[in-house]
Amino acid sequence: MNEYHRAILKRIERTEPARGKTKQRPEHLGTVRRWHGLANAQRRKIMLDFAAENRELSYADWRELVDSLYHGVSYEERCAPQTLLLRYPQYRRVLPLSQLDEWLGCLEGWAEVDSTCQTVFSAVDLLAAWDDWSALLRCLASDTNINKQRAALVLLTAPISQSGDARLLELALELIRQLQSHKDKRITKAISWLLRKGIKQHSAAIAAFVAANAQSLPAIAVRETVRKLATGKK
């Protein structure tokens with residue numbers, strides 16, 4: 001643990017846990033790690049304050065810090081890199097995808113996976129290095145680690161809603177076909193999420209895909225996607 005990690009951990013430990021409606025439960029988050037009881041907004045504020053105070057953080061120090069946090073003992077530490085990936089885009093864009101793959105292996109449960117995969121990487125990021133990204137996503141979907149399988153789907157949820165590029169749609173449907181027999185909610189809900197996000201840019205193709213594969217797709221994915229197509233709501 002380096003000095004930056006220690007400073008962040010101190011802030012986490014000194015922050016009063018969330019109360020009432022903002023308080024989550026570790027079993028809901030899918031984590032078995034130590035949990036400090038912080039709401040997502042509290043964790044993000046800690047990390048945003050850190051980024052504001054360390055704008056000149058070097059790439060080497062940034063990467064070392066992110067790596068250290070991904071190996072932290074608490075849920076909050078393993079979710080903290082989300083903000084560092086977003087607030088230092090110049091470093092995120094040159095990060096080897098092999099390193100991202102390694103870091104994704106440190107995550108467990110839907111909330112930890114989604115903290116890194118949901119909104120950090122955009123269509124611009126993926127399309128700028130499409131061969132590398134498509135190879136990574138296929139590798140993740142084929143991994144025996146179910147958390148990496150979820151990551152493969154969730155990493156596409158933002159890009160597919162941001163761009164009409166057919167490559168994003170085709171890969172999303174390929175990975176959905178590959179994982180559609182799963183019964184675990186981490187996968188079935190991610191499939192539903194990815195299909196629904198795809199409607200914004202690829203409505204007709206998503207509708208046709210769901211109609212043609214309704215018997216093999218998870219029931220929740222069919223139900224929620226059909227509803228979204230019909231009403232515009234989840």
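Reader: What covers the buried residues of helix 14?

Author: This is a predicted model, where local features need pLDDT of at least 70, side-chain atom pairs count only at pLDDT 80 or more, and totals for chains, interfaces and linings use all residues. Residues are numbered from 1 along each chain as its sequence is written, and side-chain values use heavy atoms, leaving out hydrogens and water. The cover includes helix 10 (123-128), helix 11 (130-142), helix 12 (146-154), helix 13 (157-162) and helix 15 (185-212). Helices are DSSP runs (H or I, at least four residues), numbered from the N terminus. Contact means heavy atoms within 4.5 Å.

Reader: Why is Cys117 called buried?

Author: Buried means under 20% relative accessible area, exposed over 50%, partly exposed in between (1.4 Å probe, protein chains only). Cys117 has 1% relative accessibility, so Cys117 counts as buried.

Reader: What makes Arg92 and Asp125 a salt bridge?

Author: A salt bridge needs a side-chain nitrogen of Lys or Arg within 4 Å of a carboxyl oxygen of Asp or Glu. The closest N and O atoms of Arg92 and Asp125 are 3.4 Å apart. Arg92 lies in helix 7 (residues 89-92) and Asp125 in helix 10, so the pair ties together parts 33 residues apart in sequence.

Reader: Why is Arg93 called exposed?

Author: Arg93 has 59% relative accessibility, so Arg93 counts as exposed.

Technical notes. Helix = DSSP H or I, 4+ residues; strand = E, 2+ residues; numbered from the N terminus.
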